[in-house]
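Thank you all for making the time this morning. I would like to walk through one model with you, going from the overall layout down to a few single residues.

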Amino acid sequence: MTIANFIFYLVSSMILVFGVLTISTRQLFRSAIYLLFSLINVAALFFLMDNEFLAAVQVVVYVGGIIVLILFSLFLTQQAGLKLPLPGLGRSMMAGLLSFFGFVLLFSLLLAASPEADENSFSAITMKEIGFGLLNFGKNGYVLPFEVVSILLLAAMIGAIAIAFKTKKE
Amino acid sequence: MISVPVTHILFVSFALFFIGAYGFFTRRNMITMLMAVELMLNAVNINFIAFNRYLYPGQLEGLFFSIFIITIAAAEAAVAIAIIINIYRRFKTIDSDDIDSLKF
């Protein structure tokens, strides 16, 4: 077992532990901070899987953007020190059963397929390849979704401002 | 960099997805529901990257899908939080059980 594999198991257990804490803690601010740690560990996992670019994007967008946005909205809508109510027994039983059996079903399908890693044809992903892929058309080109997603971001920005805009009372 | 079986990576991804699903079903506060959705989206990203890196190396499809998922997650979080703030102004709560004006 090499050091990288040991780090992989450490990072994976941190992802899962902080994920469980995110959805089980009753204090909202702690929940946001646990989500932050979980997402940083996901970035580390991308790094371990040789995707340095995606790890950087994950840290910039999720940790720098979405978590800050969530924290600000918590400050705007919550009183400090207020604890969330516990979910009802029936609801948590139902959700637990659904999640558990969904997980068992998916994992048994995975074990039945038992994919084998193809280590030989791997070559490191360079920034040049990513850039050419994003602005290329035809086979393996993603310029159309790239442009569509830029329009979507503009629409989301305008929509967020329009929805949250405070109208003057008459 | 790592040389663990693909099954172990996919185990993490599946477990994270269903942790998020459990949170989405049990939590009633809208912001925590949004956090659970973020967990699920991250699980999907891990899945895409693991398949791309270990089963189809030399291709970049999984990477591009993950990049677009991250972009759309950012847009979705911005719009969702705008809606949540608007709901809070109108109803003074963001508990999804209390917002039932449209319920028949």
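Chain A is divided into domain 1 (1-82) and domain 2 (126-165), with bounds that come from an automatic or database domain assignment. The centres of domain 1 of chain A and domain 2 of chain A, taken over C-alpha atoms, are separated by 24 Å.

Before I go further, please keep in mind that this is a predicted model, in which local features need pLDDT of at least 70, side-chain atom pairs count only at pLDDT 80 or more, and totals for chains, interfaces and linings use all residues. Residues are numbered from 1 along each chain as its sequence is written, while chains are lettered from A and ligands numbered from 1 in the order in which they are written. The model scores ipTM 0.92 and pTM 0.91. For chain B the average pLDDT, which is the predictor's confidence in each residue from 0 to 100, comes to 90, and 100% of the residues score at least 70.

Let me turn to chain B, which has 3 helices and 0 strands; these elements are DSSP runs numbered from the N terminus, with helices being H or I of at least four residues and strands E of at least two. The radius of gyration of chain B, taken over C-alpha atoms, is 17 Å, well over the 13 Å that the globule rule (2.2 Å times the number of residues to the power 0.38) gives for 104 residues, so chain B is more spread out than a compact globule. Along the principal axes, the C-alpha atoms of chain B fill a box of roughly 50 × 25 × 25 Å.

Now to the interior, where a nonpolar core is a set of buried Ala, Val, Leu, Ile, Met, Phe, Trp, Tyr and Cys residues joined through C-beta atoms within 7 Å. A residue is buried if 20 or more other C-beta atoms lie within 10 Å of its own, exposed if 12 or fewer, and partly exposed in between. The largest nonpolar core holds 65 residues, and L45(A), F46(A), L16(B), I31(B), M35(B) and I46(B) touch the most other members. Domain 1 and domain 2 of chain A both give residues to this core, so the core lies between them. Leaving aside residues up to four places away in sequence, F46(A) touches N51(A), L54(A), A55(A), Q58(A) and I49(B).

Most residues other than glycine have a negative phi. D50(A), in the loop between α2 and α3 of chain A, has a positive phi near 65°, and D50(A) counts as partly exposed, with 17 C-beta neighbours inside 10 Å. S114(A), in the loop between α4 and α5 (127-134) of chain A, has a positive phi near 40°, and S114(A) is exposed, with 9 other C-beta atoms within 10 Å.

Notes. Contact = placed C-beta atoms within 7 Å.
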